[in-house]
Amino acid sequence: MTRVLLVDDQELVRAGVRSLLERDGDIEVVAEAADGRQALAEIDRFRPEVVLLDLQMPAVDGLDVLQELERRRVDTSGRRHVDIRVVVLTTFGEDDNVFAALRLGAAGFLLKDAKPRELREAVRTVAAGDALLSPGVTRSVIERLAATALPPGAAARLDVLTDREREVLALVGRGMSNQEIGGHLHLSPATARTHVGRLLAKLGVRDRVGLVVLAYETGLVRPGNG
């Protein structure tokens with residue numbers, strides 16, 4: 001059973017999403033919150049595995065929640081929150097906010113008009129430790145990443161990687177799964193997964209979403225080069 005915290009300032013939206021999530025019996029909404037302050041309190045109380053988080057809320061918004069969770073993640077006293085996975089619920093036109101959310105460690109994002117099956121699969125995907133990049137938003141977010149000027153010395157962050165690891169990171173950045181990476185590089189999916197795990201450890205990145213962001217931020221992947 002996957003335990004979920006649902007965070008949205010609209011009660012009707014929360015009721016609808018709860019009903020859709022719990023339909024198959026393997027997902028339980030353990031709590032709801034109407035703003036970021038309440039969300040942080042419920043996280044402390046219920047320790048959910050997945051948080052579905054609206055970004056636009058009064059008082060303490062979704063980005064504030066992500067900032068606090070990131071602060072706790074790097075603070076020894078807050079390590080109990082490391083395994084919480086956050087899926088951002090978004091709409092078209094919020095690209096800058098989604099971009100900021102990914103930088104702050106969100107495991108992925110999903111459009112609010114996603115189909116019920118996609119919503120449930122999103123929770124299962126991130127609960128299993130995988131990233132979630134909604135096709136409906138990914139292109140615009142990646143274009144936003146690609147348009148960002150590279151900070152001085154950004155590419156130097158990749159100096160710790162072997163040539164093979166750079167290849168794998170580039171393919172992750174282009175959205176390939178472990179199976180697709182394995183096929184492209186003539187590796188088994190298990191070996192590809194091992195390489196991805198090493199990338200996470202070497203680069204200090206939480207998940208595949210972070211690797212995608214990093215691949216673009218360092219200039220390893222740019223539109224049109226893959």
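Trainee: What share of the 226 residues in the protein chain is buried, and what makes a residue count as buried?

Mentor: The share is 46% of the 226 residues. A residue is buried under 20% relative accessible area, exposed over 50%, and partly exposed in between (1.4 Å probe, protein chains only). This is a predicted model, in which local features need pLDDT of at least 70, side-chain atom pairs count only at pLDDT 80 or more, and totals for chains, interfaces and linings use all residues. Residues are numbered from 1 along each chain as its sequence is written, and side-chain values use heavy atoms, with hydrogens and water left out.

Trainee: How many helices and strands does the protein chain have, and what makes a stretch a helix or a strand?

Mentor: There are 10 helices and 6 strands. They are DSSP runs numbered from the N terminus: a helix is a run of H or I with at least four residues, and a strand is a run of E with at least two.

Trainee: Why is Val7 called buried?

Mentor: Val7 has a relative accessible area of 0%, so it falls under the cut-off and is buried. Val7 belongs to strand E1.

Trainee: With which residues is Val7 in contact, leaving aside its neighbours within four places in sequence?

Mentor: Contact means heavy atoms within 4.5 Å. On that basis Val7 is in contact with Ala33, Asp35, Ala39, Val51, Leu52, Leu53, Asp54 and Met57.

Trainee: What makes a group of residues a nonpolar core, and which members of the largest one touch the most other members?

Mentor: A nonpolar core is a set of buried Ala, Val, Leu, Ile, Met, Phe, Trp, Tyr and Cys residues joined through side-chain atoms within 4.5 Å. The largest one has 28 residues, and Val7, Val51, Leu53 and Leu66 touch the most other members. Two or more residues of this core come from each of strand E1 (2-7), strand E2 (27-33), helix H2 (36-46), strand E3 (50-54), H3, strand E4 (85-90), H4 and H10. H3 gives the most, 4 residues. A second, separate core has 20 residues, including Val172, Ile181, Val196 and Leu199.

Trainee: What makes an open space a pocket, and what volume does the second largest pocket have?

Mentor: On a 1 Å grid over the protein atoms alone, a pocket is an open set of points where a 1.4 Å probe fits, with protein on both sides within 12 Å along at least five of seven lines; lining residues have an atom within 4 Å of a point. The second largest pocket has a volume of about 300 Å³, a volume being the space filled by probe spheres set on the points, which are joined across faces, edges and corners. Its lining has 16 residues, of which Leu102, Arg103, Gly204, Val205 and Gly210 lie nearest its centre. H10 supplies the largest share of this lining, 4 residues.

Trainee: Why is Arg124 called partly exposed?

Mentor: The relative accessible area of Arg124 is 23%, so the residue falls in the in-between class. Arg124 lies in helix H5 (residues 116-127) and, beyond four places in sequence, touches Asp24, Asp26 and Ile27.
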